[in-house]
Amino acid sequence: MDPKASGGGEEDDCVDSGAETGGSDYSHLSSTSSELSVEEAQDPFLVSIHIIADPGESQPLQEAIDKVLAWIHPDLPLFRVSERRACRRRRKPPKGAQPALAVVLFLQEEYGEEQILQLHRTLQQPPWRHHHTERVHGRFLPYLPCSQDFFTLAPGTPLWAIRPVHYGKEIVRFTVYCRHDNYADSLRFYELILRRSPSQKKADFCIFPIFSNLDVDIQFSLKRLPCDQSPVPTDSSVLEFRVRDIGELVPLLPNPCSPISEGRWQTEDHDGNKILLQVLGGHLSVCLGDPRQLALPQTL
């Protein structure tokens with residue numbers, strides 16, 4: 001879809017988990033973000049997701065993701081699918097379990113609902129599968145019922161959803177669902193990792209700006225779950241963050257952090273989600289390549 005000039009943020013009356021705002025207003029950035037170098041602030045791959053598939057399944061999953069992301073931008077290699085050496089037995093998740101990770105795509109509604117519905121139809125075809133439809137809480141129903149549907153590619157991978165954005169640019173948003181009691185700690189944890197504060201912050205939701213250009217915004221968000229819900233880590237997916245000064249960062253982390261390969265460290269957040277830290281050396285501009293060209297761990 002063709003990009004438009006950036007606009008302000010907007011909050012919908014029907015608030016859903018991790019997709020409640022679709023605007024691009026970064027006017028509320030804190031001084032923490034302003035202290036970042038230009039190169040760091042404009043790294044489109046500061047956050048990415050790795051998916052580990054069973055043998056023989058990586059190519060169709062990668063192609064499915066690339067096809068969906070092309071609706072936002074034709075060149076957004078934010079996801080890498082690799083394969084395990086062998087299939088593994090999966091535990092059946094608890095009934096009503098909430099996967100801890102989601103990807104929400106905001107598409108401009110001004111081009112008509114047919115394009116959004118067309119993408120919705122794509123997500124109904126294999127290897128995509130419907131996960132659940134979220135109940136709407138608010139005074140008004142969304143004008144597109146499909147905007148409350150969540151999909152997934154395979155067990156242990158993130159949820160995916162599409163939302164209309166009323167104005168501003170189109171958005172790719174990574175959302176981590178937090179245990180109710182851990183939300184404040186998780187917020188501090190990701191502020192530390194990202195070296196910035198949220199641009200929007202509420203008692204149960206916040207948004208970190210990651211990257212912005214004329215075409216698209218990339219965001220990272222946290223969503224606090226109700227007391228009676230617990231997030232389940234996506235055991236076939238892992239978030240990766242590009243970081244500097246790993247020696248200074250490690251002592252500040254709440255859980256052990258250890259190297260797993262050259263330039264990569266692994267830790268966990270407060271809810272047990274595995275986190276990869278890619279250590280940047282030298283000038284960041286040297287490291288702004290496609291993250292899918294980097295070697296990945298075979299197991300999670």
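View 1. The closest N and O atoms of the two residues are 2.6 Å apart; a salt bridge is a side-chain nitrogen of Lys or Arg within 4 Å of a carboxyl oxygen of Asp or Glu. R264 belongs to strand β15 and E240 to strand β13 (residues 237-243), 24 residues apart. Strands (E, at least two residues) and helices (H or I, at least four) are DSSP runs numbered from the N terminus.

The model is predicted: local features need pLDDT of at least 70, side-chain atom pairs count only at pLDDT 80 or more, and totals for chains, interfaces and linings use all residues. Residues are numbered from 1 along each chain as its sequence is written, and side-chain values use heavy atoms, without hydrogens and water.

**View 2. R84 and D54 meet in a salt bridge.** The N to O distance is 3.1 Å. R84 lies in the loop between β2 (79-83) and β3 (98-99) and D54 in the loop between β1 (47-53) and α3 (58-69), so the pair ties together parts 30 residues apart in sequence. Both residues are buried.

**View 3. An open sheet has 8 strands.** The order is β5-β6-β7-β4-β8-β11-β10-β9, with mixed pairing; two strands pair if DSSP finds at least two bridges between them. β5 (129-133) and β9 (200-201) stand at the edges, each with a single partner strand, so one side of each has no neighbour in the sheet.

Technical notes. Buried means under 20% relative accessible area, exposed over 50%, partly exposed in between (1.4 Å probe, protein chains only).
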